[in-house]
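Take a look at the model before reading on.

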Amino acid sequence: MMQPTRRATLFVTCIVDQMYPEIGEATAVLLQAQGVAVRVPRGLTCCGQMALNAGFRDEAYAVAGRTIEVLRGQGDIVLPSGSCTAMIRHLYHELFHGTPHQQAAEALIGRTYELTEYLVDVLGVQDVGAHYAARATYHDACHGLRYLDLSRQARTLLAHVRGLELVPLPACTECCGFGGLFAVKQAAISGAMLQRKLANITSTSADLLITGDASCMTQIAGGLKRNAAPVQVRHIAEVLVGR
Amino acid sequence: MATQMLPFYDRVEDALQNSTLQHALERNMPRFVALRAQALNKLIDEAALRDQARAIRAKSLARLDELLTRLADTVEARGGHVCWATDGKAAGQYIAELAQRQAVKSIVKSKSMASEEIHLNAQLEAHSLEVIETDLGEYIIQLSGETPSHIIAPAIHMTRQEIGQLFQEKLGMEPTEDIPTMTRTARRVLRQRFVQADMGISGVNFGIAESGGMVLVTNEGNADLTTSVPRIHVAIMGIERVVESLDDLAVMLQVLARSATGQKLSVYTTFLSGPTRPGEPDGPEEFHLILLDNGRSRILGSAYAEALMCIRCGACLNACPVYQSIGGHAYGGVYSGPIGSVISPLLQPDVPDVHQLPYASTLCGACQEACPVRIALPDMLLRLRGDAVQAGKVAPGEQAAMTAWQATMNNPALYRAGGTMASIITRLVGGREGVLKQLPPPLAGWTQHRDFPTFAKQSFSERWAAQHGTDEEPQ
């Protein structure tokens, strides 16, 4: 490993922390391999998106406010999630406007990055030296795509992965139907959207679906499993640490 | 019609189970999306044009009182009459009284969402006035007794077979699925109505403050007949639809048809300027402009003012994966899709389950991306959810769950303990396969449609702490 030249704070998000620790570890490994000293503050939990998304502003404010304080003065923040990054970068403005957290929130917004964005746009990396044998297709998660302008970064990184054949996914920018509590509250609509996504995925005859958000992964993998479709689902960080 | 009386969730279920509707949506929606994209891609600088269009809409709203006054003054100077209608009832009353005063028996209408919004036909029919819709789509849904399921394509939920059946029943047409035969049939019936009508009612796409002109954008030419053949023309315009000048209008027209139907310009773009002047061969003897507020000035002064930038192109409906799944009627009001989910709760806050509409979105942002004036629809949907919660419109147990969620997320020890518990339970239930096939309420909706993964044996933060310790120094 090269000598650390930068440092970053890793905020893995609550869903990765509790359900997909391997994504968090892959993210740390990727950053360290680029000479980034990674720290993980004890006690980080959640960006507050679930509550804000459901309309519970006070609860979201309380949780996000604490997160802002935990991340105060912690340098660059990197998340393996376009959605949680967009929560901070796009929605913290309005949530904390005119509150005691406003200044810390604005400072945090200015130094928060999604993983592929951090690798490609901040560190200038295109090839992480990965090897991953699969015929894969890529789903663009909505919030990263539309609030952070993510799309090119992941494709650049994946194009350099040895052994990976990347095939285009029809309607790759169409929502998978997750949408937080939408998946439960509007389960029928969410299910209909999911079925369209699954049909597009299976039409590619890819054996691997890659995406950048654990929430879309949960939705899509759950649907593929239910349909007994022989397609694996991986977070992009897991693919990029393939050796 | 009956569907719309049901609660929101039942309407959604109906829509998803309706195979004819699903077939119509599958066929039609991708076409709209593709045509719009093609039309916009042909522009030299799409982004700049949309920015300009947005700036023009922002200017119109910022100077709404001034521009509306100018518009009204110019219309009156040309011999037209202006009615400032605070709500739908006032607008309906004005038209009904005018019709009675002028001994109007028969009315033809061209397409107008503002008139749909205030249920004008029902209001006029209550005064024994006969109103005939002349836009083909509107005519179809008038015959079938429905409301529009799309802002610009009101009958998009129907297949040609259904329409053929309807024309057989209502118009005595011979059985056919041939579209030209159906349009010819409608045309023959409607021509007669145009000739008989004493009054024509139209909407307004844009009112031009500096010239007092009304602009109508159509593809069928029915608006030209509606506004020129009958002796009285009444135009209904939502107060937000004013532009200052012809230059502003030129920009708006460039984005409107492209966003709506993928056309560079609609087939007819009609400029109207009030009653016939001496020496002119045709046109109405009387012109009335109804400036409809109906809750708009309340929206203007709120956190939702941006919603008034909407030019009713329907692009957000076409782009919306929720609309693509359920169509327009499931929304329950005349405005559907993302813009409907924003403005319906604002225009009609008293409709019982209208507060549910802002939840009919994954906040994916496709609507804002498609909107020619980039209205921040997802942000407003989010704000409306916040308002609903603040007003106490939450499901039973939801508040308690969120309070517990907050307590857990803000207490790392509790968060860790909760994670451990979830891990033990889900792994126990998930067994060797590692998935949950059935979750209990309120999460049961998840497992109706997909499996749920088990929680990890050990969380990332615990693994990290075990390997790196819990000190705060960088590794």
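This is a predicted model.

Next, the overall build. Chain B holds 22 helices and twelve strands. Its C-alpha trace spans about 90 × 55 × 45 Å along the principal axes. Chain B has 475 residues, and 48% of them count as buried.

Now the sheet. Strands of a sheet pair through backbone hydrogen bonds, in either a parallel or an antiparallel way. In chain B, six strands make an open sheet, and their pairing is parallel. The order is β1-β10-β7-β4-β2-β3. Two strands of chain B, β1 and β3, form the edges, and each pairs on one side only. On average, neighbouring strands of this sheet are turned by 20 degrees against each other, direction ignored.

| Strand (chain B) | Residues |
|---|---|
| β1 | residues 81-85 |
| β2 | residues 106-109 |
| β3 | residues 130-133 |
| β4 | residues 199-202 |

Look at one pair within the sheet. Strands β2 and β4 of chain B run parallel and share three bridges. V108(B) has G200(B), in β4(B), as its bridge partner.

Last, the contact between the chains. Chain A contributes 57 residues to the contact, and chain B contributes 53 residues. On the side of chain B that touches chain A, 31 residues are nonpolar, 15 are polar and seven are charged.

Notes
Residues are numbered from 1 along each chain as its sequence is written. Chains are lettered from A and ligands numbered from 1 in the order in which they are written. This is a predicted model: local features need pLDDT of at least 70, side-chain atom pairs count only at pLDDT 80 or more; totals for chains, interfaces and linings use all residues. Two residues are in contact if their C-beta atoms, placed from the backbone, lie within 7 Å. Ala, Val, Leu, Ile, Met, Phe, Trp, Tyr, Cys and Pro count as nonpolar, Asp, Glu, Lys and Arg as charged, and the others, Gly among them, as polar. Helices (H or I, at least four residues) and strands (E, at least two) are DSSP runs, numbered from the N terminus. A residue is buried if 20 or more other C-beta atoms lie within 10 Å of its own, exposed if 12 or fewer, and partly exposed in between; C-beta atoms are placed from the backbone. Two strands pair if DSSP finds at least two bridges between them. Axes are lines fitted to C-alpha atoms, for helices over the stretch in contact, and angles run from 0 to 180 degrees between N-to-C directions.
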